[in-house]
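Please look through the notes below with the model open beside them.

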Amino acid sequence: MKLNWKKWLLTGGGTGLIVLLALQATNPARTNPAIAPGADLMATNPPAPEVTALLHAACYDCHSYETTWPWYAHIAPASWLVVSDVNEGREHLNFSAWPHADPARAAKKLDRINEVLDYREMPPAKYTLIHVNARLTDAQRQTLLDWSDAAAKKLRPAETNQ
Ligand code: HEC
């Protein structure tokens, strides 16, 4: 018996398309909740404009309520990965809900920012692969390191600054 490859391919392709279309019903919600007035990191004593610009370009997509959702965030299964990354990123650090009222907590967050920048863990490589504007030069990384270091020191009581 001769296999009819054309028929097999068509059936396979058709099934694949149907599965892909069905998956679209599973697209998770892409949220950008409202930011409480004054809650953003930039709301009180904003960092220098250069720092602000770098954080917006390299971090805000995953660590704020100002996510620019890429087109593939609308298409399962890529959408699952992007949305879970952003949700997880926001859980760990959210510049749109900065602990302005809790200097000790804010200082800790700045320490963690300093750490992940120093270890080159952030922004994640899988993100900068596509988001070219989020790539940090060594000088830009140093700018963010200097800022997080100085800002954390400023928030701590003087005696712990030695
Ligand atoms: C593609 C999304 C994405 C981008 C862009 C991104 N992050 Fe993250 N970040 C995450 C995720 C997800 C986690 C939590 C899981 C982990 O630690 O890997 C995280 C964790 C962190 C943490 C750890 C928080 C803790 O709980 O200690 C810090 C600090 C951080 N990121 C800072 C940054 C900074 C600073 C930038 C920009 C230079 C940045 N991130 C860019 C996704 C992102």
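1. Buried means under 20% relative accessible area, exposed over 50%, and partly exposed in between (1.4 Å probe, protein chains only). Phenylalanine 95 is buried, because its relative accessible area is 1%. Tyrosine 60 is also at 1% and counts as buried.

2. This is a predicted model, in which local features need pLDDT of at least 70 and side-chain atom pairs count only at pLDDT 80 or more, while totals for chains, interfaces and linings use all residues. Residues are numbered from 1 along each chain as its sequence is written, and side-chain values use heavy atoms, leaving out hydrogens and water.

3. Rings of Phe, Tyr and Trp (its six-membered ring) pair if their centres lie within 6.5 Å; planes under 30 degrees apart are stacked, over 60 edge-to-face, and the rest tilted. The count is three aromatic pairs. Tyrosine 60 and phenylalanine 95 are stacked because their ring centres are 5.3 Å apart and their planes at 5 degrees. Tyr60, Phe95 and Trp98 form one aromatic cluster.

4. Which residues supply the protein donors of the iron atom of the ligand? They are His63 (NE2) and Met122 (SD), 2.0 to 2.3 Å from the iron. Donors are N, O and S atoms within 2.8 Å of the metal (3.2 Å for Na, K and Ca); water is not among the atoms, so sites may look incomplete.

5. Is each of these two residues buried, exposed or partly exposed? Histidine 63 is buried, at 13% relative accessible area, whereas methionine 122 is partly exposed, at 32%.
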